[in-house]
Amino acid sequence: MASLLSVQCVASMRKCGGVIHLGVDRRRLPVPKLEDSIRRYLAAQRPLLDDDQFRATEKIAQDFQSGVGKQLHEELVAHDKRNKHTSYISGPWFDMYLSARDSVVLNFNPFMSFNPDPKAEYNDQLVRASNMVCSAVRFMKTLRAGLLEPEVFHLNPAKSDTDGFKNFIRWVPSSLSWYGAYMVNAYPLDMSQYFRLFNSTRIPKLGRRDELFTDEKGRHVLVMRKGNMYVFDIVDRDGNMVKPAEIQSHLKYILSDLTQAPSFPLGVLTSENRDVWAGLRDKLIAAGNAENLAVVDSALFCLSLDDENMKDHIQVSHNMLHGNGCNRWYDKSFTIIIAKDGQAAINFEHSWGDGVAVLRFQNEIFKDTTEKPLVHPGSTPTLAVDSGSAVRRLQFKLDSELENGIKQAKVNFDEAVSKLTIDAMEFKKGGKEQLKKSKLSPDAIAQLAFQMGFLRQYGQTVATYESCSTAAFKHGRTETIRPASIHTKQCSYAFVFQRGKQSIEQLRAMLNECSKYHGQLTKDAAMGQGFDRHLFAMRFLANIKGQPLHSLYTDPAYTAINHNILSTSTLTSPAVSLGGFAPVVPDGFGVGYGVHDDWIGCNVSSYPSRNVHEFLQCVHKSLEDIFTVVEGKPLR
């Protein structure tokens with residue numbers, strides 16, 4: 001279920017003209033009509049099935065709609081009405097993440113890397129780490145003081161994306177701010193996930209769902225280097241940030257520490273199967289480590305200082321997505337990773353929240369560190385506190401069973417990450433500006449290129465997932481856009497297998513149809529009008545009741561459409577260089593991508609059953625063909 005981000009739909013309401021209809025509480029995530037979800041489900045199945053398979057799936061879906069599904073839908077709506085403080089998907093979604101027993105590494109945690117600081121000398125590891133810690137504290141204090149402006153969907157930027165509106169929305173009570181914004185066609189994003197950004201950790205629990213732990217009293221940061229774990233306060237007893245010179249000194253002390261890497265690095269345990277890790281954590285506590293674990297769990301966040309220089313984007317992706325397993329605490333809500341050469345990224349645990357909150361944090365600290373740095377190259381800190389006494393290296397008591405557990409965790413980790421291949425591609429012959437001038441959706445064209453590329457490589461149309469945020473609603477999480485459609489399938493076949501059989505005008509008409517349909521899918525998803533979360537919530541409800549699952553959920557077609565061979569997620573941000581995640585199935589691709597003004601970039605991962613290098617060549621060829629047609633030229 002890992003995805004890069006869920007920010008695709010932040011601009012979609014403006015792009016698609018989406019409107020949230022007035023109702024009893026206009027901020028609540030709507031439960032779609034059952035007939036709409038079944039219609040959308042069958043439309044998404046159509047390109048994946050032959051005629052006989054589709055007829056069978058259609059019959060099963062219709063039976064569900066008129067029988068068990070109708071009952072489950074009514075119960076879901078009733079449950080939603082009784083729980084107006086949240087959304088119908090929030091509980092099931094938390095349960096899905098926290099009940100999973102797979103390692104969070106590769107399966108859930110994604111990464112987003114920072115662009116370098118424009119001022120090269122500020123990319124020094126110590127300077128950048130010091131500034132990022134300071135900016136993180138400033139963000140945290142602004143958030144907890146209630147002064148962080150909500151992010152907003154702007155349907156009419158001329159009216160709402162102004163200083164006057166921002167001042168207005170900042171001071172209006174949160175219970176009313178949505179209504180005020182609605183009057184000018186702007187929609188403040190739900191910020192309920194933000195409180196888990198800091199002082200939060202996912203705690204493994206044996207044989208049951210994990211727990212999310214938050215302790216806002218923690219004033220310290222967890223710093224990891226060479227697998228050693230250090231803590232020091234970055235907030236004083238009065239709630240103020242410790243002086244930047246002291247933070248810099250403490251980090252310099254850690255970077256200068258000659259302590260060798262531990263033979264049994266504890267962090268690798270957080271990469272284990274959740275039940276295995278839960279059992280070993282219980283043993284750690286029994287061995288007298290409860291206090292140190294509490295310090296780790298309550299830290300504001302984790303800062304990982306790596307000793308390696310990054311030679312290229314591929315190494316950056318591997319290091320920031322998984323690293324060597326020893327210098328991370330993957331269960332922290334987020335970790336800022338800074339390599340020796342100053343390349344930086346955020347790796348985040350996914351159960352507590354989605355990419356919207358993390359990207360907001362990343363954007364803010366990038367802006368703050370680059371525009372208002374508090375620590376400068378060559379500065380010589382004057383200290384009120386000796387770093388040797390302020391910084392504490394955590395030391396854990398380990399018996400032979402724990403040592404063996406750590407050794408086995410490292411073996412399992414190395415085996416898992418050794419199977420992952422990552423490659424990147426930059427298409428430099430066109431981008432967002434040219435597509436918009438041609439009245440084509442940039443995201444639709446990128447997704448079409450993935451469909452076309454996979455068809456060119458494997459001769460198939462397969463289940464495809466694109467993440468879309470529903471943060472415009474209270475406790476919204478994500479919805480799925482299903483980019484594989486009858487329109488992309490027809491268009492892909494025309495470009496790949498029927499070259500020369502259609503005129504340029506016919507091919508261009510197909511591109512237009514793909515763009516239009518994808519735009520509607522995106523709008524529907526942003527408005528909470530997909531089908532995936534609705535069907536998921538009804539299945540969750542049936543499971544809770546102990547009710548046998550309807551054949552809709554046991555249909556091979558349902559299994560196949562949820563086996564997402566192409567898992568995709570997009571972002572573009574001035575703060576972010578690239579992002580990535582592992583495939584969600586063994587025979588899949590994990591596709592992180594961004595459509596920029598004049599180029600398109602992809603960062604794609606795969607396991608051995610797929611060839612990621614060839615896939616990117618096929619995607620590049622598909623983009624070349626699409627832009628050739630957009631320019632009115634014939635395919636060669």
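User: Why does Asn 199 count as buried?

Analyst: Asn 199 counts as buried because its relative accessibility is 0%; buried means under 20% relative accessible area, exposed over 50% and partly exposed in between, with a 1.4 Å probe and protein chains only. This is a predicted model, in which local features need pLDDT of at least 70 and side-chain atom pairs count only at pLDDT 80 or more, while totals for chains, interfaces and linings use all residues. Residues are numbered from 1 along each chain as its sequence is written, and side-chain values use heavy atoms, leaving out hydrogens and water.

User: How should I read the phi of Asn 199?

Analyst: Most residues other than glycine have a negative phi. Asn 199 has a positive value, near 55 degrees, and lies in the loop between β3 (186–188) and β4 (200–203). Strands (E, at least two residues) and helices (H or I, at least four) are DSSP runs, numbered from the N terminus. Leu 106 also has a positive phi, near 70 degrees.

User: Which way do the residues of strand β17 point?

Analyst: In a regular strand the side chains alternate between the two faces of the sheet. Here Phe 589, Val 591, Tyr 593 and Val 595 point one way, and Gly 590, Gly 592 and Gly 594 the other. Seven of the seven residues of β17 are buried, so this strand is largely enclosed by the rest of the structure.

User: Which strand runs antiparallel to β17?

Analyst: Two strands pair if DSSP finds at least two bridges between them. Seven bridges join β17 to the antiparallel strand β18 (residues 600–606), and a hairpin of four residues connects them.
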